[in-house]
Amino acid sequence: MSKKYIDYLQEIPKEDLRKGLLGYGLFADKLPEIFTSKAFYDYCESMDFPTFKSGGRDYVRYECTRNTNVPRLLSIPTPLSYSNLCNCIASNWAEIVRFLGEKTDGQKYKYSQIHLQKLKGKDHLFEMSLNYVDKDKNLMESIQKIPIGNKYRVDADISNCFPSIYSHVLSWALVGKEEAKRYKNDYSKWYNIIDLCTRNTKNGETNGLLIGPHSSNLLSEIVLCCVDKELSNKYQYVRNIDDFTCYVDSEDNAERFLLDLNDVLKKYELSLNTKKTKITKLPINSDTHWISSLNSFFIGDTYTDKNKLVFKKKRLKTYLDLSISLVNKTGNSAVFTYAIKTIANTVLGKDAKEYYIDLIHQLLCLYPYLVHWMEAYVFDIFDITTERIQIISQDLYDIGIKRHIYEACSFSLYWSIKYNFSLEPKYVDDSINSSDCIFMLLAFLKAKRDKNIKAKKIFKDKAISLAAEMDRYWIFVYEVLSKEELPKGEYRRLKNKKISFIKSEFL
């Protein structure tokens, strides 16, 4: 028997919940891997998890490039407002678990696939991945049987899901709209405190959840499990965060699912993304599904070395040509991500490796979103030389400046620190002129690593000028300024305890 939604939540005691959210869930995994909130969590634990000064606080903005080359706005709340929210969630964990248990009770299988859960050997509680779901064979078997007897597949997702979740909707979902409105100003009610703490991470605003901190993935489930409750008795579907895949026996029922889904979403001030809504007749031709097309490339292969496929240049080139063709055909550059992960599990000959790195260099400049997969699936696994990474990074940096994709610049600086190579010194002025918090922070760390005293002074002056907007630039200002230079209050007290939000190897 497959695990139920409630089983996953009940495996998380509130102490582990708070540690996972606060100690390992403040920073989005799409950021350069230099950040940590573990030291801050340890401080809070030693102080028996204090309540920091309440009130709305601003937050750091960070643009992350998606596979469409369109930026997604990620956010980093202040550790102070985020700690208050995590404490609130932990304090009311029993109520939240009870609520989600009621909303998912009676499901034939677990409709929501990606949510908070214990991850083996890991301290964080959330990953944007289905890998851990695959381990539940019973659940996978149930999902694989859904298309049987059905003739159509419906794909739909919510338009701007997290940014559209109105904070008061959390109270509506938890206790009903009528009761929530009746007691909307009563902050002795646990659900109103959750609403308030959520708003305070976003400058006191009611519109939207921050994308990035793991708390938002839990809060969104409060609303989306309510949607599931109203639809799961009528339809067979799976949901990956805000993406729905439903199977029905007729085109009329496909249309009906979309109408019903839209009607339920309206109750929570949400709407369908019509551009991503699609009804497809089954069975689906494998040629129209790029994953099947890429996988079929390997049928019958026997070239293995220690259970790894051996790619020679000619065959690798054919596979990559297929990938490029599928991107041009589907318009979905996520094909490249899949291909890169697949190639990472192969053995490349000398000529094949040289050809591959040249192509990766080109693709990275065309599709900067690929930065997130370079270290684990290219640089480290194929032992790319530092000199080659330096050339790639410099070109990527120049593209980032030209197109104002500061994420590309940030990753170039991050790699220069991690792999210990130089970049052109213009990064100091470029980062200051961008006023991009993460770009400036990486540039400061680079200058610090290079012992560039003049540049460090420039960054300190910039940080002092931004101190009036401390919360909006908190990670940069906090890491650059000394205790005495920080504004009086909680940040200065944290600095006095020598707490940093940067991993020690990058300091």
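1. Rings of Phe, Tyr and Trp, the last taken by its six-membered ring, count as a pair if their centres lie within 6.5 Å. On that criterion the structure, which is a predicted model, holds 30 aromatic pairs.

2. One of these pairs is formed by Phe 40 and Phe 52, whose rings are stacked, at 5.9 Å centre to centre and with 25° between the planes. Phe 40 belongs to helix 3 (residues 38-46), whereas Phe 52 lies in the loop between helix 3 and strand 1 (59-65), so the contact ties together parts that are twelve residues apart in sequence. Both Phe 40 and Phe 52 are buried.

3. A second pair to inspect is that of Tyr 237 and Phe 257, which is tilted: the centres are 5.9 Å apart and the planes make an angle of 45°. Tyr 237 is part of strand 4 (residues 236-240) and Phe 257 of helix 12 (residues 251-267), so this pair ties together parts that are 20 residues apart in sequence. Tyr 237 and Phe 257 are both buried.

4. Ring pairs also build a cluster, whose members are Phe 27, Phe 35, Phe 40, Phe 52, Trp 474, Tyr 478, Tyr 491 and Phe 501. The stacked pair of Phe 40 and Phe 52 is thus placed among the rings of this cluster.

5. Charged side chains meet aromatic rings at the following sites. The charged end of Arg 61 sits over the ring of Tyr 59, 3.9 Å from its centre. The charged end of Lys 3 sits over the ring of Tyr 8, at 4.1 Å from the centre of that ring.

6. Strand 3 (residues 152-157) is mostly covered, with six of its six residues buried. In a regular strand, side chains alternate between the two faces of the sheet. In strand 3, Tyr 152, Val 154 and Ala 156 point one way, while Arg 153, Asp 155 and Asp 157 point the other way, and all are buried. The charged residues Arg 153, Asp 155 and Asp 157 are therefore among those with under 20% relative accessible area.

7. The partners of strand 3 include strand 5 (residues 243-248), to which six bridges join it in an antiparallel arrangement. Within this pairing, Asp 155 stands opposite Thr 245 of strand 5. Strand 3 is also joined to strand 6 (residues 278-281), by four bridges and again antiparallel; here Arg 153 stands opposite Thr 280 of strand 6.

8. Strand 1, strand 2 (71-77) and helix 19 (406-418) each supply at least two residues of the lining of the second largest pocket. The largest share, five residues, comes from strand 1. By type, the lining of this pocket divides into nine nonpolar, five polar and six charged residues.

9. Leu 270 is found in the loop between helix 12 and strand 6. With a relative accessible area of 3%, Leu 270 is buried. Between Leu 270 and Asp 7 there are 28 Å in space, C-alpha to C-alpha, and the two are 263 residues apart in sequence.

Technical notes
Residues numbered from 1 in each chain as written. Predicted model: local features only at pLDDT ≥ 70, side-chain atom pairs only at ≥ 80, totals over all residues. Heavy atoms only, no water. Phe/Tyr/Trp six-rings, centres within 6.5 Å; stacked < 30°, edge-to-face > 60°. Buried < 20%, exposed > 50% of the residue type's maximum accessible area, 1.4 Å probe, protein only. Lys NZ or Arg CZ within 6 Å of the ring centre and 35° of its normal. Pairing = 2+ DSSP bridges. Nonpolar A, V, L, I, M, F, W, Y, C, P; charged D, E, K, R; others polar.
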